[in-house]
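Visitor: Please pick out one part of this model and go through it closely. I would like to know what it touches and how it is arranged.

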Amino acid sequence: MAQRFLKILLPWVEKERSLGLLSQYEELYYWQEEFSKENFVVNVLVEAERSEIIMDVFERTFTGIKGFHLIVFSVVASLPRPREAEREKKDNGEKTAEEIKEEKLTKAARVSREELFASISDSARLSRTFMVMTTLAAVVAAVGLLTDNVAVIIGAMVIAPFLGPNVALALSTCLAEKELGNRALKTLTAGIGLVLVLTICFGFCWQQFNPQTSLLTLSEIAARTRPTLFDVVLAFASGCAGVWAITTGTSSTLIGVMVAVALLPPLTVVGLLLGAGELQAGLRAFLLFAANIIGINLAGVLTFRARGVTPRTWWGEGKAKAARRRAVVLWSLLLVLLVAVIFSSAAQEIMQ
């Protein structure tokens, strides 16, 4: 069971109140070992899935008080080992709102929203690293597709950094964080634009050296111009898996590959075909890419909600609920529309 180490800094006058809050929780290890003239520090060792409860209580109680800081550290190991103790069943007495919230979060077994926000927000930044990795992924994917080399295409998907901005976009909806959403959208748009520019150049150059050959003779490229419902299911499953892995605090590297499977090859094929003048085929590949990105984001929003990722305050929850509803309706309508267009296009191709 993963643990978190919380270091809470408060003014001396708040000592009794803070220790009183911590004493309300059973099986919670906390101690005081550091202090200064104005402040004292209390340390808390808690299971990762319960850390959000403690953080919410202290944020609600001490936000606005000068000198209050709460810092979260991941725990590699601790002795004695955390006990997998079962919670005792309580009598039929009425549960408080705090007890109900704690029970729900414990069942969810996820990391706190603050940890999620910090890690995802960082991965959604439009940084030099993101641009370099996107460039390399686009080049490797283009080479793999033009040479019909599956191993090279897989290598491109390993280094493609598309998981971060897509997950950040879904999280911004669930937490009603407009700034995070704008940042994620900016990063995602920049990545898509960069891949298109590079691959259009690749497609144009390839066609100049092979004027009598169509890119559609390459099996890996042709496969991305015939989208099916299974491709959309793959994208939806990838989005669910990516968010689930991140909320549990486990490595999302392999899940990022699955998201890249749904996004990078179709987007690369779009650029290659447009550069080579294959506009109709490029449009079909774009339909696949668009359906996949919509499926990933819809899955992300639904999975975050299923995992109980919501704002701390009631007014924040109200805004987030409205944002989630709008996002789910919008993504669902767009996905249905694109799937209908894909099936219509496939039917026309069969009839011809």
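**Helix packing and strand pairing**

Guide: Helix α5 passes helix α8 in a right-handed crossing (the near helix is turned clockwise from the far one by less than a right angle). This is a predicted model, in which local features need pLDDT of at least 70 and side-chain atom pairs count only at pLDDT 80 or more, while totals for chains, interfaces and linings use all residues. Residues are numbered from 1 along each chain as its sequence is written, and side-chain values use heavy atoms, without hydrogens or water.

Helix α5 covers residues 128-146 and helix α8 residues 178-209 (DSSP runs of H or I, at least four residues; strands are E runs of at least two). The two pack at an angle of about 35°, with axes 9 Å apart (axes are fitted to C-alpha atoms over the stretch in contact, and angles run from 0 to 180 degrees between N-to-C directions). On the α5 side the contact (heavy atoms within 4.5 Å) includes F130, M131, A138 and L146.

Strand β1, residues 3-11, runs antiparallel to β3 and is joined to it by nine bridges (pairing needs at least two DSSP bridges). Here P11 stands opposite N39. Strand β2, residues 29-35, also pairs with β3 in the antiparallel sense, over six bridges, with Q32 opposite V42. A hairpin of three residues joins β2 to β3.
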